[in-house]
Amino acid sequence: MLEVPATEFVKNFGQYKERVQREVIAITSHGRTSGYFVSEHEYREYMLLKAHTRHAYHISELPEETVAAIAKVQMNPAHDHLNALMD
């Protein structure tokens with residue numbers, strides 16, 4: 001990954017616009033990465049992955065339909081023998 005100071009990035013944007021098609025470019029400011037310049041393809045890949053991530057909720061934040069669905073769930077009778085393990 002190429003790292004470029006923000007001032008150089010601004011001055012030579014055209015050059016980096018072409019280069020980003022081949023690799024991600026980290027933009028730095030005062031020696032620290034402040035952001036990334038990515039191609040449209042990389043961005044779409046990221047958004048696709050993000051769309052398929054699981055969501056975690058605190059129990060107080062669960063949507064009502066999720067709470068209702070959980071309340072209706074019953075264990076498969078084939079696993080009843082597991083209840084004996086709890087005794």
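These are my notebook entries on a predicted model, written for anyone meeting this structure for the first time.

**Entry 1: the overall layout**

I began by listing the elements. The protein has five helices and three strands. Read from the N terminus on, I wrote their order down as β-α-α-β-β-α-α-α.

Next I looked up the overall dimensions. The C-alpha trace spans about 70 × 25 × 25 Å along its principal axes. I then turned to the radius of gyration, which is 25 Å for the protein, whereas a compact globule of 87 residues would have one near 12 Å.

I also noted how much is enclosed. Of the 87 residues, 13% are buried. For contacts with a separation of 6 or more, I found that 14% come from residues 24 or more positions apart.

I took the pairings one at a time. Strand 1 and strand 2 run in the parallel sense and pair over four bridges. Here I picked out Glu-3, which stands opposite Ala-26 in strand 2.

Ile-25 has Phe-37 in strand 3 as its bridge partner, and Ile-27 stands opposite Gly-35 in strand 3.

Is strand 2 largely enclosed or largely in the open? Four of its five residues are buried, so the rest of the structure largely encloses strand 2.

**Entry 2: the hairpin**

I followed the chain from strand 2 into strand 3. Their hairpin has two residues between the strands, and His-30 takes a positive phi near 55° in this hairpin.

**Entry 3: salt bridges**

How many salt bridges does a search of the whole structure find? The search gave me two.

One of them joins Glu-23 and Arg-19, whose closest N and O atoms are 2.7 Å apart. I checked how open each partner is. Glu-23 has 24% relative accessibility, so I put it down as partly exposed. Arg-19 also counts as partly exposed, at 28% relative accessibility.

The other salt bridge is between Glu-40 and Arg-44, with the closest N and O atoms 2.6 Å apart. Why are these two residues separated by about one helical turn? They are four residues apart in helix 3 (residues 40-51), which accounts for that spacing. Glu-40 counts as exposed because its relative accessibility is 51%, just over the 50% cut-off. Arg-44 is exposed too, with a relative accessible area of 55%.

**Entry 4: helix 3**

I stayed with helix 3 to check its length. At 1.5 Å a residue, its twelve residues should span 16 Å. The end C-alpha atoms of helix 3 are 16 Å apart, which agrees with that value.

The number of buried residues among the twelve is zero, so helix 3 lies largely in the open.

Note on methods
Residues numbered from 1 in each chain as written. Predicted model: local features only at pLDDT ≥ 70, side-chain atom pairs only at ≥ 80, totals over all residues. Heavy atoms only, no water. Pairing = 2+ DSSP bridges. Buried < 20%, exposed > 50% of the residue type's maximum accessible area, 1.4 Å probe, protein only. Salt bridge = Lys/Arg side-chain N within 4 Å of Asp/Glu carboxyl O. Expected span 1.5 Å × (residues − 1). Rg over C-alpha atoms; globule rule 2.2 N^0.38 Å. Contact = heavy atoms within 4.5 Å.
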